[in-house]
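Please read it alongside the coordinates shown below.

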Amino acid sequence: MATTSFPDASPRKHHRDAQPALPALRRDAPRSASASASRAVCTVRSFPDNLVITSAEPEFARPFGLSSGEICGYGLLDLLHSAVPDRLREQFVALSSGRQPRFTEKVTGKDGTGVDFHADMTAIAVRGLAGGTSGAVVLLHHPAAAAPGPAAPAPAPMAPPPATRPVTHEGPLLSALDAQVLEGVARGESTVQLASRLYLSRQGIEYRIGQMLRRFDTPNRPALVSRAHALGMFAAGQWPPRVLPERVKP
């Protein structure tokens with residue numbers, strides 16, 4: 001998953017020449033890297049220059065032969081392309097202007113060996129304090145590819161599972177109200193919209209979002225949504241986004 005932000009966020013946004021050059025092809029990168037992640041997240045900003053990637057999970061960067069730190073600063077539109085020229089840029093223009101809250105597009109990129117890979121990309125607008133679009137969360141889904149090879153041997157009989165097994169959660173548990181706030185942020189709702197829908201003050205909404213920013217160790221709303229997606233807090237393939245029941249305190 002990656003995060004993008006729009007005009008006022010990145011110091012790189014005014015200096016496109018300062019962006020790092022596209023990486024040299026890494027011959028030691030596995031050719032199957034593009035199929036290694038079923039869901040990956042990053043955040044982007046600096047629209048409409050080139051949608052600079054500001055943070056990314058390792059699963060997002062790995063198909064390009066990069067680390068999560070190395071991919072930051074690259075333009076998303078330099079790494080991913082659609083079959084129709086300028087289609088992605090037009091979709092992001094609509095996202096930035098508020099004409100649509102999200103979109104999904106089939107894209108193509110190159111892995112660390114220079115081989116094309118295909119994925120489904122979903123971009124979700126994230127609203128800032130004033131209600132305008134402050135950035136976007138970008139998710140990549142790589143369709144499972146069946147690799148030819150010898151038939152796997154029959155698995156050995158498995159021992160029955162223990163009577164009790166502790167359930168672990170990667171992400172924090174949220175209160176029901178915090179889960180509603182997080183869902184609203186992921187839908188692109190502004191502070192005013194959240195306050196009106198949840199019958200809270202704007203200060204109350206900002207307080208709860210601030211608490212979640214600290215709990216998820218993220219600096220802003222796009223990064224919060226990005227992190228929540230990467231931790232599997234949301235039900236997969238569902239819109240509007242819903243926090244999984246097991247991530248909500250009983």
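Gly 232 is buried, because its relative accessible area is 13% and buried means under 20% relative accessible area, exposed over 50% and partly exposed in between (1.4 Å probe, protein chains only). Gly 232 is placed in the segment after α7.

The model is predicted: local features need pLDDT of at least 70, side-chain atom pairs count only at pLDDT 80 or more, and totals for chains, interfaces and linings use all residues. Residues are numbered from 1 along each chain as its sequence is written, and side-chain values use heavy atoms, with hydrogens and water left out.

## Overall fold

The protein chain has seven helices and six strands. Helices (H or I, at least four residues) and strands (E, at least two) are DSSP runs, numbered from the N terminus. Along the sequence the elements follow the pattern β-β-β-α-α-α-β-β-β-α-α-α-α.

Of the 250 residues of the protein chain, 46% count as buried. The accessible surface comes to about 13100 Å², and 55% of it belongs to carbon and sulfur atoms; these areas come from the Shrake-Rupley method with a 1.4 Å probe, and for residues only the protein chains shown count as cover. Among contacts between residues at least 6 apart in sequence, 62% join residues at least 24 apart, where contact means heavy atoms within 4.5 Å.

## Helix contacts

Helix α6 (residues 202–215) meets helix α5 (residues 191–198), and the axes of the two come within 8 Å and cross at roughly 110°. Axes are lines fitted to C-alpha atoms, for helices over the stretch in contact, and angles run from 0 to 180 degrees between N-to-C directions. Angles under 35 degrees count as roughly parallel, over 145 as roughly antiparallel, 65 to 115 as roughly perpendicular and the rest as oblique. α5 and α6 are therefore roughly perpendicular to each other. On the α5 side the contact involves Thr 191, Val 192, Leu 194, Ala 195 and Leu 198, and on the α6 side Arg 202, Ile 205, Glu 206 and Ile 209. The residues of this contact of α5 with α6 divide into six nonpolar, one polar and two charged. Here Ala, Val, Leu, Ile, Met, Phe, Trp, Tyr, Cys and Pro count as nonpolar, Asp, Glu, Lys and Arg as charged, and the others, Gly among them, as polar.

The axes of helix α4 (residues 176–187) and α6 come within 10 Å and cross at roughly 90°. α4 and α6 are therefore also roughly perpendicular to each other. Leu 177, Asp 178, Val 181, Leu 182 and Val 185 in α4 meet Ile 205, Arg 208, Ile 209 and Met 212 in α6. The residues of the contact of α4 with α6 divide into seven nonpolar, no polar and two charged.

## Aromatic pairs

The structure holds three aromatic pairs. Rings of Phe, Tyr and Trp (its six-membered ring) pair if their centres lie within 6.5 Å; planes under 30 degrees apart count as stacked, over 60 as edge-to-face and the rest as tilted. Two of the pairs are listed here.

| Pair | Centre distance | Plane angle | Class |
|---|---|---|---|
| Phe 64 and Phe 117 | 5.4 Å | 70° | edge-to-face |
| Phe 92 and Phe 103 | 5.1 Å | 85° | edge-to-face |

Phe 64 lies in the loop between α1 (58–61) and α2 (76–79) and Phe 117 in strand β5 (residues 116–127), so this pair ties together parts that are 53 residues apart in sequence. Phe 64 and Phe 117 are buried. Together with Phe 60, Phe 64 and Phe 117 form one aromatic cluster.

Phe 92 lies in helix α3 (residues 87–97) and Phe 103 in strand β4 (residues 102–110), so this pair ties together parts that are eleven residues apart in sequence. Phe 92 is buried, with a relative accessible area of 0%, and Phe 103 counts as buried at 4%.

## Backbone and single residues

Most residues other than glycine have a negative phi. Tyr 199, although not a glycine, has a positive phi of about 60°. Tyr 199 is found in the loop between α5 and α6 and is exposed, with a relative accessible area of 76%. Asp 217, also not a glycine, has a positive phi of about 55°. Asp 217 is found in the loop between α6 and α7 and counts as exposed at 70% relative accessibility.

Arg 227 is placed in helix α7 (residues 221–230) and counts as partly exposed at 31% relative accessibility.
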